[in-house]
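Please look over the sequence and the coordinates below before reading on. The report is meant to be read beside them.

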Amino acid sequence: MYDLIHAKKTGGALAPEQIQAWVRGVVDGSVPPEQSAALLMAICWRGMDTEETLALTLAMRDSGDRMDLSAIPGTKVDKHSTGGVGDKTTLIIGPVVAACGVPCAMFSGRGLGHTGGTVDKYSAIPGLRVELEPEAFRESLRATGFANSAQTGDICPADRRLYALRDITATVESIPLITASIMSKKLAGGADALVLDVKCGGGAFMRTLEEAQALARSMVDVGRAHGMRIKALLTRMEEPLGWAIGNALEVMESVEILKGWHGECPLAQMSFRLAGEMLVLGGVADGIESAMEEVKRVVHSGEAMERFRAWTRHNGGDVRCLDDFSRLPQAGQRVEIRSGRSAWIEALDSRSLGILAMELGAGRRNQGDVLDLGVGLKVHGTVGGRVEAGDVLFTIYAKAGVPIDPDRFLAAVCWSETPLAASPWLLGVVE
Ligand code: URA
């Protein structure tokens with residue numbers, strides 16, 4: 001390990017066998033964490049070339065179990081988003097893609113800090129099983145066309161250990177390390193094709209378009225080198241995605257979009273476009289235009305929503321809550337926060353809104369914290385929108401009796417006295 005750290009510190013490249021030996025040592029405990037931490041810091045500063053990144057991804061993929069989906073016919077597709085506040089695209093995409101005839105196999109995580117996790121959002125549906133063992137995962141895929149679960153078993157233990165070290169040593173923000181972490185789990189998940197949603201902006205890991213492009217390029221190259229069909233969309237993250245932040249609230253918003261409401265909002269457009277790309281990679285559409293037609297058709301005909309009901313029922317969830325939201329977890333109090341001024345919204349700080357939602361109990365400050373699934377907030381304004389003094393800007397859903405300080409929510413809004421040009425949500429494509 002000393003030689004590896006020294007080589008990387010002085011700008012050298014590591015051989016695949018050296019990387020494999022390190023990852024084996026991380027998992028069996030023979031490499032002390034301080035040496036791994038030093039190597040991670042050297043990688044952060046010096047980077048890794050494509051061959052090293054590939055070797056690290058493969059070594060991490062092979063550090064644990066792998067999902068075998070070969071018995072399921074068709075091209076199995078997956079989606080990954082680099083994470084954002086209010087991002088519930090996964091809940092919308094699964095039923096849409098399945099209704100279009102492409103098997104959709106997705107693994108999701110729980111949230112930590114200001115971003116929520118898809119598994120937590122699903123947990124708001126009473127009775128729904130969110131941790132499926134491999135055979136139950138395959139059975140959901142066979143029976144309903146899609147499967148979405150927290151990772152069970154021992155998938156990529158090397159990533160778990162290295163991520164925990166990165167988290168406490170300020171070494172998360174490194175393109176090769178993020179690539180290997182995400183792509184090792186995606187490759188172990190067993191899908192044949194992957195659409196990536198790489199977020200860019202103040203609320204994302206990657207702040208600039210150049211950084212987002214570099215991360216997307218790195219992940220696409222690694223996926224393709226392993227025989228995956230893969231494409232990345234670069235999307236803007238300057239405000240929460242959609243109106244809901246909080247688990248039951250996000251289920252409600254997703255259901256409304258699956259029912260064909262709010263079809264023009266950025267959340268619907270982004271979800272439908274990602275689903276469309278999955279249809280192209282899945283081989284049922286020959287281009288994005290015809291894919292988008294098919295996506296819109298299954299939403300408007302009700303087939304996508306019906307698929308969500310079938311999937312919920314199959315996995316033990318109370319399907320009645322999808323049509324009667326009073327059956328979802330509820331908050332004890334509701335507080336409206338109104339604007340004190342008339343102006344246009346220039347920015348909505350999604351990070352601080354995510355932290356406020358976490359403090360209400362919608363997210364975890366520490367791993368293992370128990371969530372209050374009914375709490376969160378509704379964001380009424382959007383960036384570029386006009387607000388008049390007295391308009392409701394936020395509705396807060398909180399535990400009964402919890403004091404709410406409106407100024408902390410209002411501080412997340414940045415105002416403009418003049419109208420702003422509309423900014424597109426899609427910033428680019430990498431394939
Ligand atoms: N998400 C991951 O799974 N890994 C990273 O390194 C960053 C985001």
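## Basis of the model

This is a predicted model, in which local features need pLDDT of at least 70 and side-chain atom pairs count only at pLDDT 80 or more, whereas totals for chains, interfaces and linings use all residues. Residues are numbered from 1 along each chain as its sequence is written, and side-chain values use heavy atoms, with hydrogens and water left out.

## An open sheet of three strands

Helices (H or I, at least four residues) and strands (E, at least two) are taken as DSSP runs and numbered from the N terminus, and two strands count as paired if DSSP finds at least two bridges between them. On these terms, three strands make up an open sheet with antiparallel pairing, in the order β10-β8-β12. Because β10 (386-387) and β12 (413-416) each have a single partner strand, they stand at the edges, and one side of each is left without a neighbour in the sheet.

The antiparallel pairing of β8 (residues 343-348) with β12 runs over four bridges, and Ile-345 is found opposite Trp-415 in β12.

A salt bridge here is a side-chain nitrogen of Lys or Arg within 4 Å of a carboxyl oxygen of Asp or Glu, and the search of the whole structure finds 33 of them. One joins the side chains of Lys-88 and Glu-253, at 2.5 Å from N to O. This pair links distant parts of the chain, 165 residues apart, since Lys-88 is in the loop between β1 (77-81) and α5 (89-99) while Glu-253 belongs to helix α11 (residues 247-258). Both Lys-88 and Glu-253 are buried, a class that means under 20% relative accessible area, with exposed meaning over 50% and partly exposed lying in between (1.4 Å probe, protein chains only).

The side chains of Glu-250 and Lys-121 also meet in a salt bridge, at 2.8 Å from N to O. Glu-250 lies in helix α11 and Lys-121 in helix α6 (residues 118-123), so this pair ties together parts that are 129 residues apart in sequence. Glu-250 is buried at a relative accessible area of 3%, and Lys-121 is buried at 1%.

Arg-309 and Glu-306 form a salt bridge whose closest N and O atoms are 2.8 Å apart. The two residues both lie in helix α14 (residues 303-314), three residues apart, which is about one turn of the helix. Arg-309 is buried, with a relative accessible area of 16%, whereas Glu-306 counts as partly exposed at 39% relative accessibility.

Elsewhere, a network of salt bridges links Arg-110, Asp-120, Glu-131 and Arg-364.
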